[in-house]
Amino acid sequence: MTLHLLDKIGNWNPQLFREIKGRLNTGNMAIASALSLSAQLLLFMYYSAQIPVPPTNGEYTYPTYHRFCLETADSSTRKCVRDALGNFVINWREWWLEIFILLSISSVLALLIAGTYMLVSDLDKEERRGTLNFIRLSPQSAKTIFLGKILGVPILLYLATILALPLHLYAGLAAQIPLNEILCFYIAVAASSALFYSTAMLSCHAFKLHIQGGRDAHPTRIRLFFDILFKCTTAYLD
């Protein structure tokens with residue numbers, strides 16, 4: 001079934017098939033999955049350790065306050081509420097909200113910054129090897145190559161992000177964030193990624209013309225990367 005799916009992808013977009021075949025092997029998938037799941041586990045363990053635990057008998061003195069426990073109604077003294085068993089009543093909404101926010105920030109930064117750099121690095125590598133001209137001479141249209149690069153080059157990053165979606169979605173719902181707002185966030189991230197990646201592709205093309213003009217014999221991908229980030233940020237804010 002996998003081979004049949006790859007054949008369909010190859011017929012639809014040969015460039016995407018080329019990127020998937022070169023990057024989506026067992027070793028790379030295992031590394032991307034392990035990094036994503038390990039980061040989620042460490043995040044969950046860190047916040048689990050932040051859950052307040054009441055002191056043992058004889059050591060407990062009021063007021064005791066923690067951002068993850070419910071407070072008493074008395075505004076003059078901030079202290080945690082205890083249940084019938086003597087445990088703190090945890091504010092699970094706030095706990096899940098912090099996890100949701102941190103996952104959101106890290107996912108956005110990974111997609112926008114790491115994904116853009118991966119595209120810049122890949123195009124620069126293809127240009128130096130001379131394979132980019134070979135791709136241009138193929139019967140594929142510019143749109144097909146453009147789309148294949150955007151979908152294929154950061155595919156391991158997409159895999160790591162997809163593996164983080166269940167925890168992110170559950171954290172958002174547990175934090176009582178409406179599902180439609182979470183979906184709107186996903187759409188906004190996808191649109192922002194498309195903007196950054198499209199700008200990266202176009203800037204790399206302009207960069208090639210700049211090199212051919214002889215104005216810069218030894219350009220660096222780092223400089224191009226920051227130039228693209230500046231252009232993307234300016235276009236996004238405008």
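Guide: What follows is a set of questions about the terms used for this chain, each answered from its definition.

Visitor: What makes this a model to be read with care?

Guide: This is a predicted model, in which local features need pLDDT of at least 70 and side-chain atom pairs count only at pLDDT 80 or more, while totals for chains, interfaces and linings use all residues. Residues are numbered from 1 along each chain as its sequence is written, and side-chain values use heavy atoms, with hydrogens and water left out. On pLDDT, the predictor's confidence in each residue from 0 to 100, the chain averages 77, and 68% of the residues score at least 70.

Visitor: Why is Asn13 called buried?

Guide: Buried means under 20% relative accessible area, exposed over 50%, and partly exposed in between, with a 1.4 Å probe and protein chains only. Asn13 has a relative accessible area of 2%, and therefore counts as buried. Asn13 lies in the loop between helix 1 (2-12) and helix 2 (14-23), and its C-alpha is 6.5 Å from that of Gly148, although the two are 135 residues apart in sequence. Across the whole chain of 238 residues, 35% count as buried.

Visitor: What makes a group of residues a nonpolar core, and which residues touch the most other members of the largest one?

Guide: A nonpolar core is a set of buried Ala, Val, Leu, Ile, Met, Phe, Trp, Tyr and Cys residues joined through side-chain atoms within 4.5 Å. The largest has 14 residues, of which Tyr47, Trp95, Trp96, Ile99 and Ile177 touch the most other members. Helix 3 (26-49), helix 4 (92-129) and helix 7 each supply at least two residues of this core, and helix 4 gives the most, with six. Apart from this core lies another, of 11 residues, among them Leu111, Leu119, Leu123 and Phe196.

Visitor: What makes the approach of Glu98 to Tyr47 a polar contact?

Guide: A polar contact is a pair of N or O atoms within 3.5 Å; within protein, one must be able to donate a hydrogen and the other to accept it, and residues adjacent in sequence count only if both atoms are side-chain atoms. The side chains of Glu98 and Tyr47 are joined at 3.2 Å, so the pair lies within that limit. Glu98, which has its place in helix 4, also touches Arg67 and Phe68.

Visitor: Why is the aromatic pair of Phe100 and Phe185 called tilted?

Guide: Rings of Phe, Tyr and Trp (its six-membered ring) pair if their centres lie within 6.5 Å; planes under 30 degrees apart count as stacked, over 60 as edge-to-face and the rest as tilted. The structure holds nine aromatic pairs. Phe100 and Phe185 are 6.4 Å apart centre to centre with 55 degrees between the planes, so they form a pair, and that pair is tilted. Phe100 is in helix 4 and Phe185 in helix 8 (residues 179-212), 85 residues apart, and the pair thus links distant parts of the chain. At 10% relative accessibility Phe100 counts as buried, whereas Phe185, with 27%, is partly exposed.

Visitor: How do you know that Phe185 and Tyr186 are tilted as well?

Guide: Their ring centres are 6.0 Å apart and their planes 55 degrees apart, and the pair is accordingly tilted. Elsewhere, ring pairs link Phe44, Trp92, Trp95, Trp96 and Tyr170 into a cluster.

Technical notes: Helix = DSSP H or I, 4+ residues; strand = E, 2+ residues; numbered from the N terminus. Contact = heavy atoms within 4.5 Å. Lists of a residue's contacts leave out its neighbours within four places in sequence.
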